[in-house]
Each structure stands twice: as C-alpha cells, then as structure tokens.
Amino acid sequence: MPAAPRRSRPVDVRAAILGGWLPGSGRWFYGWTIVGVAFLATFAHVGYLNSVLGIFQPALHEEFGWSRAEVAGALTLGSLAGGLLSPLFGVVLDRYGARWLIAGPAILLAVGCLLLAELRELWQFYLLFATGRALAISAMMAAAVVAVSNWFIRRRPLAIAIGTLGMRFGNATVPLIVAIVIAARGWPDGFRALAVVFLLFGIVPALLLMRRRPEDMGLHPDGDPPPTPEQRRAAALLDPSWTLRAALRTRAYWLVGLAFALAIFGNGAINFHQIPHLVDRGLTTTSAALILTVMSITGAAGGLASGIVATRVRARWTMVGALILQSSGVLLLLAVDSFAMALLYAVWYGWFFGVMVTQLQVIYAEYFGRLQLGVIRGSFQPVALGFNAAGPLALGVWFDRAGGYEGPFTLIIAFFLIAALALSAARYPTPPEPAGRQRPGSE
C-alpha cells in the first residue's frame, strides 16, 4: 500500500520575513530581509536628490525668481556637508550598524519637507534642503549599502543591485508624483508629499528589521554554513580584511576615489540640469519628468543586470564600460530636439547610468572587504561629495553666463572618460593578510 503523501507544513509568513528562507532548510536567509530594508531606504532618500529638486526648480523660479545656480546652491551646500559628515557616519556604521542611521535621518527629513512647504526666503531653503541632502547621502544611502555589503560576499553585487533598485524606482516615481502634485496643487504640497514618502519607507522598516552583521545572529555571509578552514582561506580572496591605514597606502584607494569623484560630479550635474534642459528644448515639466521615469526604469534594469554580470566580471571593469557608454549618452542629451529623441536618451543613458551607480556601491567592498568598509568608504567622501557638490552649481553658473549647455555637458563627457581611465589603472592590491593573496585572473 503506497505511503500517504506527506502534508506540507504551513508557512509562517512572519517567521519567513524575520528569520529567512534558505533552500532545503525551510528558512529565508535574513540577509535578503536586509536587502529589502535597503531597497525601501534608498527609495525614500531620493526625495533630497538632484532629480527631485530639478522638478521644483521651475516652480521656485516662478515663485521667488531664484536662478538655476541659486537653487543648485542648496545641492552644493548639502553635498559638502554630507562629505564632512561621512567619515563620522562611517565609524558609527562599522561600530553600531545601520538601523538608526536610516531611521533617525528619515524622521528629520520628513520634518524638513514639512518646513520646506512653508518656505519664504532663500536662506531657509538652503538651511533645510542642504541639511536634508547631507543626511540623505551621507547617512541613509551609505547605511543601506554598507548593511547589505556586511551580509553578502559571493552574492554581494547582486544583493547591492537589488537593494539599490529602490533608488531607481524612487527616481522613476517620486519626481513624476511630485510633478503631478505641483501641477495640481502647487509646490508646497509637493514637499508635503515627500514627507509622506519618508514616513512610510524610511522609518518603520529600519527600526524593526535592520541588523548589523550575520555574525550577530549566529549566521554567516550569503547564508552559507560555517566555513571549513579551506573555505575560510578561499573566502579571504573575496573579502580581504583591509584597515583604513593599509588602504591609504595603496594606489588603488586614490584611483578609485578619483573615479568616484569624477563620476558623481557628472551624475549630480546631469541629474539636476537634465529637466531644465529638456524644458528648454520644448518639453513640458510633466513630460520631462516622464522622461526621467523612463530613464530610471531602464536604469533599474541596467543596475540589476550589472549585479548579475558583476558576479562573473569584476565591478571595476563593469564600471569602465558603463562610464564610456554613459558619456555617449550625454551627447544624446545635447542633441534632444523632440520627445522621441528624449526617450532615446532616457533608454541609453539610463541603462548605463544604472550600471555605473550600482557598481559604485560595490567597488569599495570589492577592493577592501567588510572589516572597515564604513570607515574606508566614508574617508574619501569629503572629496567625492565635494565634486558632487560642485557639479550642479558649476554647470548652473556656466549656463547662466553662456546661455547653453554645450560646454558644460562636454566637460562631463571628459570627466566620465577620465574616470574610466583611472579605474583601468586601479589594479587590485595584494591584501594585507598572507591568506588573502590576489586571486588569479582578477585583472
């Protein structure tokens, strides 16, 4: 007589979310819960990014007469402040984890949006938006990336690609929502809508679900079982244990930092100025926001694809290719003369922008491991975010004087290509531990 079929055990959804699901074990690896929290955090932090401020710029100009350079000045101040705060937040991240570096700033950013809705003077705008931007980029984004990096080694590129998809989805939806709200109810309600985003996605998930490292829960990176000595030696090849002092003595640290700085100079400038540029070329603000939505969707696809590719091809080379092809996308932006041409730009530039931004979040962990990732990543941020701060303002001043974007966008193309050259020269240094020799074929 055949044996009675075994009844499947009911799934405890709460336990699955909180405890993890590993193939063959009936559990979901908690690291993927961390990825989900990172997704929501990076989605929320978009509210203080360049693309969203670009949506507000025409309305602020109409209301207060502020020029593009004056509005971009808030981005500059915020990026500079974020750069100064990044080393401090890096120390906090390595020591205490990401929970309060996501939830705490999210609370402050929501309050800041409500205050921005009552805006009357330029100094108020600078104070509120610059403070919010500093916290968004130096605390929330960094915390999300470092948290995911701590939970994954082998699958880190894919995990970070998924976690930072939140930023792509945020760029796809938040500017469009804000543009619709501004068109229907005015710019103050646009800021109030952003406050709701921070409340929903930035606070509760981080407080309830964020954990520092798998070892704190008796787990291991990637959900793997306890490693054998041989596996531990192999893992050292993928996760070298660098300190900040040792990393500073390598050429790679400075070349990667230079590439990072030049890349986000260009990214920040394009993200802010693309909407005003598209409006100048005849698109409505809502149509331009739709272009940004398309660009963000293709960027999400590109970022996810790069996460898969980077498990086989090092992030360094993935970034080199993306930077070169992204520079050609800037040429398309300069040539936009119709909605159809803008769509072509959005698809091409958006894809490689998504690849490049995703790999920027992977590359420090790939070079220097988890041991002091927050500190190492944060140590160069004052310089990198200084470049990011200069981008929107420099292009705004240049535009106000020249009346066009030909020169400014050409500079960005050059910066992308120099960044690609810098990464090409940034050979992986020999890890400081004898067991962590550079793996064959890493070049």
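**Exercise 1.** State which residues of helix 5 are buried and what they pack against.

*Solution.* Helices here are DSSP runs of H or I with at least four residues, numbered from the N terminus. Buried means under 20% relative accessible area, with a 1.4 Å probe and protein chains only. In helix 5 the buried residues are Leu101, Ile102, Ala103, Gly104, Pro105, Ala106, Leu109, Ala110, Gly112, Cys113 and Leu116. They pack against helix 2 (30-44), helix 4 (68-96), helix 6 (122-151) and helix 9 (187-209), where contact means heavy atoms within 4.5 Å.

This is a predicted model: local features need pLDDT of at least 70, side-chain atom pairs count only at pLDDT 80 or more, and totals for chains, interfaces and linings use all residues. Residues are numbered from 1 along each chain as its sequence is written, and side-chain values use heavy atoms, without hydrogens and water.

**Exercise 2.** Compare the span of helix 12 (residues 251-280) with its expected span, then locate its bend.

*Solution.* The expected span is 1.5 Å times one less than the number of residues.

**Exercise 3.** Decide whether helix 12 is largely enclosed.

*Solution.* Of its 30 residues, 25 are buried, so helix 12 is largely enclosed by the rest of the structure.

Methods:
Helix = DSSP H or I, 4+ residues; strand = E, 2+ residues; numbered from the N terminus. Bend = angle between axes of the 7 residues up to and from the residue. Buried < 20%, exposed > 50% of the residue type's maximum accessible area, 1.4 Å probe, protein only.
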